[in-house]
Every structure is written in structure tokens, then in C-alpha cells.
Amino acid sequence: MSGAGRTGRLPRALRIAVAAALASALFPHLARAQMYVGSTAPHAGSVEVSAGASWAAAYELNARNAEETRNTGSGSDPFVLFATKSRVTAGTGGQVRVGLYLTHSLMVEGGVHYLRPSLDTRVTSDVEAEGTVTATERLTRYVVDGSLVAHLTPLSFAGGHGVPFVLGGAGYLREVHARSELIETGREFHGGAGLKVWLGGGAPRFGVRVDVGVSSRHGGVDFDTARRTVRTAGASLMVLF
């Protein structure tokens, strides 16, 4: 999935996530006072650590032509040597997050995501060769971000142990080309939602977290200044201290 958003506005999903987080902070009665079944419930000062898998969807880059100036008298339009179309593939990797609870339902967290997508470039209309050639380059992507996480009313299907949440935040993007010959940087805004399922009730307490979201990115490996909207997902094991 790919798309170029307006640079002056945040993505709709991010605006919804931020609004929900603010609502949870301003109106805490929307969530139950005891959000977790068991003897160990988060409170102001509790620390949550999670680690697991991370995924980001593929997106298309704009087409580019290799051109040169025509000889005098042969026309004014540039002469096209060949045309290219590039695509950043879906990437998988790992993530680590550390969160600090401000209240029993509101948390701030920082995360580091590591992914390995590829940059595929298809070359066509080459005046010196026939057919189509595709060049592939492996990328290393790092995203360091911060988020505000608002936990909502627990779900009954998990016996009260399942807690949905929404989040929103921003981060720093760093993409490294093969053999570290070139480094591209950028920034991103993200929003999403997910579910935490806590196991048992002892201390420390363990659980599983899954989440999905969108990341609106500017910079990184790109040939334009357009903002790209990328779908993301993750699954992690958690521990609450």
C-alpha cells in the first residue's frame, strides 16, 4: 500500500488515536478503576517492557526517467535513455518497547523497530538493451519513536484480562543502503490500536500484545518529497513491573 498525504495535516487514523488518548486522560471514568483482573494492576510509576516481531507494508515510489539533452535540431524534448519504476517491499524484523504508566490507564512509551525491506527498481525502455531488468537492493530500516498509549475498558471475552488500547506519536526514521554506503533519514507520525492480554496475576506480570496502525513518513529512501502512508503491525511478549 502506498500513498502521498498532505504535509500540512496529520493522517486521519493518527488524529483519531490522539483524540482517544486525550479523552482517556481528561475523562478517566470512561475506563474502569480496576482495569486488570488479578493482584497486579498498573499504577503511576509502573514499567512495562515488551519485545517481539514488527512488520511494515510495501509501497510504491514515483517513476523516474534517465534523460539527456537532444542534439541541436533534433527536437526540444529530452531524450529518454531508459525508464525506472521503484518499489519498497514489505519488511519484517523486531521491536522493543519500554513504557511508563502515568496513571492506571495512560502510559508513555518509547520504541525501537528494526526491519529489512528491499528496494526493487525495474528498468524499461532502455535504448541500449531489450526487455526489462529488475535490480534489488536490501535495506536496513530503523525507527525510533515515542507514543502516548491510552488503555480502554477491558473486554469480557478474555475474562477481563484483555485490554484494548489506542496510541499515537512520532518518530525518527533511518534507512541504510546495502554495505552502509548511503544513509537516508526522515521523520514519521503514527497512530494505531491493539489488544493486550495478561496471563496470570503475579508480580511481575506477563502478557501478549498485538497492534496494527499506520505510519505517515517523510524522507528515508525516496525520490520525492511526498509523504508516504505505510501500514504497520506487531506482536510482542510483555512484562509488567
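This is a predicted model: local features need pLDDT of at least 70, side-chain atom pairs count only at pLDDT 80 or more; totals for chains, interfaces and linings use all residues.

Student: How many cavities of 30 Å³ or more does the structure hold?

Tutor: Two. A cavity here is a set of points, on a 1 Å grid over the protein atoms alone, where a 1.4 Å probe fits but cannot get out; lining residues have an atom within 4 Å of a point. Grid points are joined across faces, edges and corners, and a volume is the space filled by probe spheres set on the points.

Student: What volume does the largest cavity have?

Tutor: About 270 Å³. It is lined by 24 residues. R97, H113, D145, H190 and T232 lie nearest its centre.

Student: Which elements give two or more residues to that lining?

Tutor: β2 (47-56), β6 (91-101), β7 (106-115), β10 (140-151), β12 (183-199), β13 and β14 (227-240). Strands are DSSP runs of E, at least two residues, numbered from the N terminus. β13 gives the most, with six residues, and this strand covers residues 205-219.

Student: How does the lining of the largest cavity divide into nonpolar, polar and charged?

Tutor: Eight nonpolar, eleven polar and five charged. Ala, Val, Leu, Ile, Met, Phe, Trp, Tyr, Cys and Pro count as nonpolar; Asp, Glu, Lys and Arg as charged; the others, Gly among them, as polar.

Student: And what lines the second largest cavity?

Tutor: Y59, L173, E175, R217, G219, G220, V221 and R228. The volume of this second cavity is about 40 Å³. Its lining splits into three nonpolar, two polar and three charged residues.

Student: Switching to charges. How many salt bridges does the structure hold?

Tutor: Eight. A salt bridge is a side-chain nitrogen of Lys or Arg within 4 Å of a carboxyl oxygen of Asp or Glu. Side chains of opposite charge can pair when their charged atoms come close.

Student: R97 lies near the centre of the largest cavity. What does R97 form a salt bridge with?

Tutor: E109 is one partner, with the closest N and O atoms 3.3 Å apart. R97 sits in strand β6 and E109 in strand β7, twelve residues apart, and the pair links distant parts of the chain. D211 also meets R97 in a salt bridge, at 3.6 Å, N to O. D211 lies in strand β13 and R97 in β6, so that pair ties together parts 114 residues apart in sequence.

Student: R97, buried or exposed?

Tutor: Buried, because its relative accessibility is 8%. Buried means under 20% relative accessible area, exposed over 50%, and partly exposed in between (1.4 Å probe, protein chains only). E109 is buried at 8%, and D211 is buried at 9%.

Student: Where is S216?

Tutor: In strand β13. S216 is buried, with a relative accessible area of 2%. S216 and E188 are 28 residues apart in sequence and 5.4 Å apart in space, C-alpha to C-alpha.

Student: And where does H177 lie?

Tutor: In the loop between β11 and β12. H177 counts as buried at 12% relative accessibility.

Student: Last one, the surface. Which residues make the nonpolar patch?

Tutor: L199, V208, V210 and L237 make a patch of about 350 Å². Patches take residues with over 30% relative accessible area and no salt bridge; like charges are joined within 9 Å, nonpolar side chains (Val, Leu, Ile, Met, Phe, Trp, Tyr) within 5 Å. Accessible areas come from the Shrake-Rupley method with a 1.4 Å probe; for residues, only the protein chains shown count as cover. V208 lies in β13 and is partly exposed at 33%.

Terms used: Residues are numbered from 1 along each chain as its sequence is written. Side-chain values use heavy atoms; hydrogens and water are left out. Helices (H or I, at least four residues) and strands (E, at least two) are DSSP runs, numbered from the N terminus. On a 1 Å grid over the protein atoms alone, a cavity is a set of points where a 1.4 Å probe fits but cannot get out, and a pocket is an open set with protein on both sides within 12 Å along at least five of seven lines; lining residues have an atom within 4 Å of a point.
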